[in-house]
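Here is a note on a few features to look up while you have the model open. Please read the points in order.

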Amino acid sequence: MLKSNQLVGQRGVAAVHRQIANMGWLFREQPSGDYGIDAQIEIVNPVDQATGRLLAVQIKAGPSYFREHTPDGIVFRGEARHLSYWSGHSLPVIVTLYDVETDTVYWQVVN
């Protein structure tokens, strides 16, 4: 049986997948354990050709990620080990936050 936080996580993956599909890009989930990359996105050009250009994606979902705000936006405080992993990744990494209540996906490039 799935726990509530697992269901929220699955909803987050589905929401990001849906947004990427709406952009006409490719989404490939990586369900092999959670160390910091949940999926890859492949950019598709305007004539529907896959480009081979990839992004790595970490997906976070649920109300706990929306507790801290500033005038500039949402504050995400991840773990130092994840930031180190993402910063050293061979692909550009984006972190997405999924707000279950508003069905909204927010994203930011890790730099």
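1. At 42% relative accessibility, Glu79 counts as partly exposed; buried means under 20% relative accessible area, exposed over 50%, and partly exposed in between, with a 1.4 Å probe and protein chains only. Glu79 pairs with Arg81 in a salt bridge, their closest N and O atoms 2.8 Å apart. A salt bridge here is a side-chain nitrogen of Lys or Arg within 4 Å of a carboxyl oxygen of Asp or Glu. Arg81 is also partly exposed, at 44%.

2. This is a predicted model, in which local features need pLDDT of at least 70 and side-chain atom pairs count only at pLDDT 80 or more, while totals for chains, interfaces and linings use all residues. Residues are numbered from 1 along each chain as its sequence is written, and side-chain values use heavy atoms, with hydrogens and water left out.

3. How many salt bridges does the structure hold? There are 4. One of them joins the side chains of Arg28 and Glu42 (2.6 Å, N to O). Arg28 lies in strand β1 (residues 26–29) and Glu42 in strand β2 (residues 39–44), 14 residues apart; strands are DSSP runs (E, at least two residues), numbered from the N terminus. Glu42 is buried, at 9%, whereas Arg28 is partly exposed, at 36%.

4. Glu68 and Arg77 form another salt bridge, at 2.7 Å from N to O. Glu68 is partly exposed, with 32% relative accessibility, and Arg77 is exposed, with 62%.

Note on methods:
Helices (H or I, at least four residues) and strands (E, at least two) are DSSP runs, numbered from the N terminus.
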